[in-house]
Amino acid sequence: MIKEFERLAPRIKGELYFDNSPKHQTRLMAYATDASIYQEKPLAVVLPAEINDIKELIAFATQHKLTLIPRAAGTSLAGQVVGKGIVVDISHKFTSILGVNKEEKWVRVQPGVIRDDLNAYLRPYGLLFGPETSTASRAMIGGMVGNNSCGLHSIVWGAVRDHLLEVNAILSDGSEVVIKVGDHTQGHTGLKGKIYHELNDMLSNEHNQQLIKNSYPKKDVVRRNTGYALDALLQMQPYQADGQPFNLCSLIAGSEGTLAFITEVKLQLLDLPPSQISVVCIHTNSIDEALRANIVALKHKPMASELVDKFIMDFTINHPEYHKNRFFIEGDPAAILMVEFMADTAEASSGQANALINELQALGLGYAYPVLHNKDTVFAWDVRKAGLGLLRNIQGDAQPVNLIEDCAVSPLELPDYVKDLEVVLKKHGVQASYYAHAGAGELHIEPIVNLKTTEGQAAFRGILADTVELIKKYNGSLSGEHGDGRLRGEFIPTVLGSETYELLRKVKYLFDPNNIFNAGKVIDTPKMDTHLRVDTKPVPVTDTIFNFNKNGSILRLAEKCSGSGDCRKTAVTGGLMCPSYMATRQEKDTTRARANVLRQYLSGQETNPFDHEEIKEVMDLCLSCKGCKIECPSSVDVAKMKAEFLQHYYDANGVPMRAKLIGNFTKQMKLASIAPGVYNAIVNNDVARRAMNKLIGFHPDRTMPELAKQTLRSWFKGRKATRSAGKLVYLFCDEFTNYNDVEIGKKAIQLLENLGYQVVIPEHLESGRTYLSKGLVRKAAEIANQNVQLLGDLISKDAPLIGIEPSAVLTFRDEYVDLAKDENLEKALRIAKHTFTIEEFIAQEFTEGRISAEQFSDEKRTVAIHGHCYQKSLSSQSYIQTMLSIPANYEVSLIPSGCCGMAGSFGYEEEHYEVSNKIGELVLFPFVRSQPEEVIIAAAGTSCRHQIKDGTSRKAKHPVEILGEAYLPKD
């Protein structure tokens, strides 16, 4: 087959990956999973560049009896986009918005356009595309059409099917067709004509009509996505006299890529919703009480009614990102029902909220009813949308499984359905979490099952089989919005009946007689408990240098990845995770791919499962920004796993010279500081620097930081300073500030002393950051434990440790705790608790009244802040903003940037230079270039400042420099 792919490759203008080289193998492995629990490595992956590529693939698949698996963001929960075929990824090239008609309220897009990015584009037109999955920041229109996505506001805005006006597609014979409103049987030839005529014959048959009406969900089940939407077609003309004009697009919606290959869609848009929002957060003592409150809420015509249970809410406690979202939670509710109202005025939306609260109180439903308004509502919705990812924080091998999460019934029957389902769950001895679309009658119910045991896999099948009987009892829908895929497809004949199922098979093979489009999904599906990502074989525990006990093991940390794809959002949505994906838009560069490839190898039986070039390749563009630790709802810390992997890979293959040089940065700077003038002469001479860079493996165009004439430690020891009797603070003299950014260190010390603090630089080693960045974890652990010993008896609440360089000082809060030996752990935890960036310390002192605005200039200044990645992930940019806002007339704002792209040595390295600059160009560089000269650019990270200098020729200042310059000396 490889030879066949080799013959195909020259005809594809996009990218085609199929062989067993490490690079291609890694890509195939990265596509082996999606957000479901299924796994199957594809034969090939293609990133088509144009429609002719897809036609070539269709011809190739037909000739060789292969299947094409269309893939967008890969967030499907029923295994729609995995399989042993050719994955066709439209997320890389088919990403254009082709046109908008403001008056007629429609937009034309290619299938790789992201839903939230589309709405950002449409906002100036006063329009939006309504359906919104919880994955809307990365879900793409093609995937949303495939699943007929619904989302948060579906009770008002409907599903994709309700907004689909036209579809441009390629049929299985390679013909390009346009499917649109008003088309029926007249005027069509070829395969398209055959499809229209035979469908019409099928739907005109009275027996078939009655069969469809009897077997499909009852009308008040609005989430209905089981099988193909023959019931929707029957509601149209000519089959229903007062129905809408016939639109075959309704059949394409929800067909999961099994009928045709979509290349373009035309979507009906909505006006932007009213600006005033109120969300009533109904606290209840049971799920049942929340569901009964939901029935009451629906009478009040809300925009949304969504449930979150205690399982999910408890995982927000001390979560690095979501803990702040808990501010509205009162007591310990079993569930919260979030009911949203929108209106043109605050009085109107509040009035709707209060009317609901009054009725609930009269009925004795709920015990607390806090109401969130406008921007504050985002915090509640973020918790709700993160439900699946948050659930992955459950400890142990029993994990939430996507299984019955997409079943839907009438909202009025939802309380009874859940009671019956609880009996099923009790029968199988499992618990479950409940969340999501109560208003639409579709709770995402996630059973907690250990699929690593034969008993768990038996329960997995048994729970779905028993739930199918409940769906039949309530005449509900087996799949509401996540689709049938390979998870529920097996049970469609049971739910709809074998005769109706035969109609669905006729539809599939009418469109696709050779079964080349996403075979094994919806129709003729494999058994639902085959091709699972896990098996029942015990996996040896891998010894690690980092302590992974709080996750169970490094394997369990990798397994926490739910596949939800939060790491695939773009710079339009913003945030930190994942900078390399934002630049390359390649699946292999996602946090998800890194976790999944690592998981695949760690699940084997090898002595050193890390010794694989494929892992190295997929980890290569990880910048270790730590964004995944905070922005991934499951907190999958890939930076930590990358460092651990590299150490074991080096154990087997040796440490590269460049990694040794970077790791030993401090030793080199110490040596060079003997003659700093000589070093600076080399790095400032273009020819000499380029030659040196080439020798090291750095890009020749990358400039190098200079050495100071005197180290900070030397200056501090030799100066004559007036020692304050004020609060004692220990300054961590990191390796970067000590050798390169000495002037910043001086200004920080002088500012602290001017503000009345006694500054001491204690005895300590370097931070170990350079070793960690290159995966030299054993050396970093040695340094960490020595520093813990040196500082353990000094650092306390009354004598904190303060650092200037975020990447160095925050190591005490992050990696040191996991590198500490057992005998040093208590000290490491104490140091971590009392270690602060200088921005955190000054902001807190200001908040507590020990620093005042009167101590600083009242001149007007404008400052734009770029936060270091570690400040964004392990601290908060708000401290920088607070600190720089102390001077009364300083106007301070945050640059909406993610990672700068430098990331320590990453941006220096020749093979990473281009990606480094691409990351900078996403937001940071254009923003800085657009600012007038008088705007001060603030950046705490030494790498960030260097990246800004190289990328924009602007000098950025450390925030402490800016505040120090504003200090008013005492008379």
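What follows is a chat about the sheets, salt bridges and cysteines of a predicted model.

Me: Before we start, how is the model treated and how are residues numbered?

Reply: This is a predicted model, in which local features need pLDDT of at least 70 and side-chain atom pairs count only at pLDDT 80 or more, while totals for chains, interfaces and linings use all residues. Residues are numbered from 1 along each chain as its sequence is written, and side-chain values use heavy atoms, with hydrogens and water left out.

Me: OK, what is the strand order in the open sheet of 5 strands?

Reply: The order is β5-β6-β10-β8-β9, and the pairing is antiparallel. Strands here are DSSP runs of E with at least two residues, helices are runs of H or I with at least four residues, and both are numbered from the N terminus; two strands pair if DSSP finds at least two bridges between them.

Me: And which strands stand at the edges?

Reply: Those are β5 (97-101) and β9 (176-180), each of which has a single partner strand, so one side of each is left without a neighbour in the sheet. On average, neighbouring strands of this sheet are turned by 15° against each other, direction ignored, where axes are lines fitted to C-alpha atoms, for helices over the stretch in contact, and angles run from 0 to 180 degrees between N-to-C directions.

Me: How many bridges join β6 to β10?

Reply: Strand β6 (residues 106-109) and strand β10 (residues 261-268) run antiparallel and are joined by 4 bridges, with V109 standing opposite V265 in β10.

Me: Which strands does helix α4 lie across?

Reply: Helix α4 (residues 115-122) lies across β5, β6 and β10, and runs at about 45° to β5; contact in this sense means heavy atoms within 4.5 Å.

Me: What about the sheet of 4 strands, what's its order?

Reply: That open sheet has the order β1-β2-β4-β3 with mixed pairing, and its edge strands, β1 and β3, each pair on one side only. Its neighbouring strands are turned by 20° against each other on average, direction ignored. Within this sheet, β3 and strand β4 (residues 86-89) pair in the parallel sense over 4 bridges, and the bridge partner of P70 in β4 is V88.

Me: Switching topic, is strand β13 buried or exposed?

Reply: In strand β13 (residues 304-309), 6 of the 6 residues are buried, so the strand is largely enclosed by the rest of the structure. Buried means under 20% relative accessible area, exposed means over 50%, and partly exposed lies in between, using a 1.4 Å probe and protein chains only. Both faces of β13 are covered, with A304, E306 and V308 buried on one side and S305, L307 and D309 buried on the other.

Me: Which strands does β13 pair with?

Reply: β13 pairs in the antiparallel sense with strand β14 (residues 335-343) over 6 bridges, where V308 has I336 as its bridge partner. Another 2 bridges join β13 to strand β17 (residues 432-437), also antiparallel, and there L307 stands opposite A436.

Me: Now salt bridges, how many are there?

Reply: The count comes to 71 salt bridges, a salt bridge being a side-chain nitrogen of Lys or Arg within 4 Å of a carboxyl oxygen of Asp or Glu. One of them joins E50 to K13, with the closest N and O atoms 3.5 Å apart. E50 lies in the loop between β2 (44-47) and α3 (51-64) and K13 in the loop between α1 (2-8) and β1 (15-17), so the pair ties together parts that are 37 residues apart in sequence. E50 is partly exposed at 27% relative accessibility, whereas K13 is exposed at 61%.

Me: What about E587, where is its partner R71?

Reply: R71 is in strand β3 (residues 68-71), while E587 is in the loop between α21 (579-584) and α22 (591-602), 516 residues apart. The closest N and O atoms of this salt bridge are 3.7 Å apart, and E587 is buried at 1% relative accessible area, as is R71 at 2%.

Me: Which residues are linked in a network?

Reply: K626, K629, D637, R769, D814 and E815 are linked in a network of salt bridges.

Me: Last one, how many disulfides?

Reply: The structure holds 0 disulfides, a disulfide being a pair of cysteine sulfur atoms within 2.5 Å. For C628, the nearest cysteine sulfur, that of C625, is 6.1 Å away, and C628 is buried with a relative accessible area of 6%. The sulfur of C733 is 20 Å from the closest cysteine sulfur, in C944, which is too far for a bond.
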